[in-house]
Amino acid sequence: MPNLKEPPNPKTSMWALIAYYLRKSRLRRKQTGEDVARILNISPSQLSKLEHDIVRLSEDQAEVLDRAWETDGLFALLVHYATSTHDPQWFAGYLELERKAEIIRIFEPHVIPGLLQTEGYARALLATSFRRDRESILKDRLARQTILSQPDPPYMSVLISQNALEWPVGSPQIMRDQLDHLLKLSEEPTFMIRVIPRSWEVGAYPGLDGGFRLMTADSYGDVAYAASPEGGRLVRSPSEIRSYTVRFDHIAGNALPEAASRELMGQIRDAFHAQLAQE
C-alpha cells in the first residue's frame, strides 16, 4: 500500500503524474480535500486515494475538474493518454485488483486462464517464453491462485473457447490433468465455466481477437484488463468498461450451458486419456 503521507513519484507512470498533479493543483488553489471532494461528488477519503494513485481519475471526473479549475481540458487529456498507453506498473496494479476482486469475469480464446492453470500446464506454457525468470513467473502465477481457496473467494464466471481446451500443451498427461482440474473447479459453488464450442453455428464471434477480463469490488468498482503479448492494459474508463461488459455478454450468448460445457470438457479430457493409453 502506498504511503499516504507522501505523494506518488510523477516519473514512474502517467497515472502517478496525474495523481501528483491533482494534489499539486489543489494545494496551489489553497483548497482542502473536502473542497475538491465536493467538486467531484466523492468522499474526502476517495480523493486521498486519487491523489496517491490508489484509485485512478475517470474521464468524467477529469472533465469535471477541467471545468471547475478552468484548465482547458488538461486533466481529460492526461487521462486519455494514461488509458491509451502502456503502463509500466500495470501488472502490480492488476495483482492488487485481482486480490481484492469480489467478482472476476474471464474470457480466454487461446489458452487456459492463469488462475485456472495446473502447475504442469503453466510450466509447459512458460517453457516457450523468451523470459529468463520463468521459474519466478511460475511461482508467482501459482501463488495468485490462493485467492480461489481463501475463506471468501471471488465469484468466477469464465468463458473458454473449445480451441483453448483442445490445443496440445506439454503432453497428453498434462492436458488430461488440466481438464480434470477444470472439471473439479466447475463443480465449486463460486465457479461457472462455460465453453464456446467450435462450430459453424457459432462461427466468427466477438472475442476471436483476444482475451480479456472484468473485475469488480466495492473498493474500486469495475476494472477491465485487456491482454497483449508485451504487457496488458488496465481499463478504468466507464465507457470502455461498458464496451467490455457488452462484449462479454455477447460472447456468453454463444457459450454452451454449464452442464453441456462440463460434458464437452469431459469428452476432451477422455480424448487426451485415450492418447495416453496408446503411448
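**Salt bridges across a predicted fold**

At a relative accessibility of 29%, Arg-247 counts as partly exposed, whereas Asp-209, at 60%, counts as exposed. In this predicted model, the two residues form a salt bridge in which the closest N and O atoms are 3.3 Å apart. Arg-247 belongs to helix α11 (residues 238-252) and Asp-209 to the loop between β3 (191-196) and β4 (212-217), so the pair ties together parts that lie 38 residues apart in sequence.

A second salt bridge, between Glu-51 and Arg-26, brings the closest N and O atoms to 2.6 Å. This pair also links distant parts of the chain, with Glu-51 in helix α3 (residues 44-51) and Arg-26 in helix α1 (residues 14-28), 25 residues apart, and both residues are buried. An unreviewed UniProt entry places the feature "domain: HTH cro/C1-type" at residues 21-76, and over that stretch the chain is 68% helix and 0% strand, with its end C-alpha atoms 13 Å apart.

Within helix α6 (residues 90-100), Glu-96 and Lys-100 are 4 residues apart, about one turn of the helix, and their side chains meet in a salt bridge of 3.2 Å, N to O. Glu-96 counts as partly exposed at 31% relative accessibility, and Lys-100 is likewise partly exposed at 30%.

The secondary structure comprises 12 helices and 6 strands, and buried residues make up 45% of the 279 residues. Among contacts between residues at least 6 apart in sequence, 73% join residues at least 24 apart.

Technical notes: Residues numbered from 1 in each chain as written. Predicted model: local features only at pLDDT ≥ 70, side-chain atom pairs only at ≥ 80, totals over all residues. Heavy atoms only, no water. Helix = DSSP H or I, 4+ residues; strand = E, 2+ residues; numbered from the N terminus. Buried < 20%, exposed > 50% of the residue type's maximum accessible area, 1.4 Å probe, protein only. Contact = heavy atoms within 4.5 Å. UniProt positions renumbered as here; feature names shortened; annotations may be inferred. Salt bridge = Lys/Arg side-chain N within 4 Å of Asp/Glu carboxyl O.
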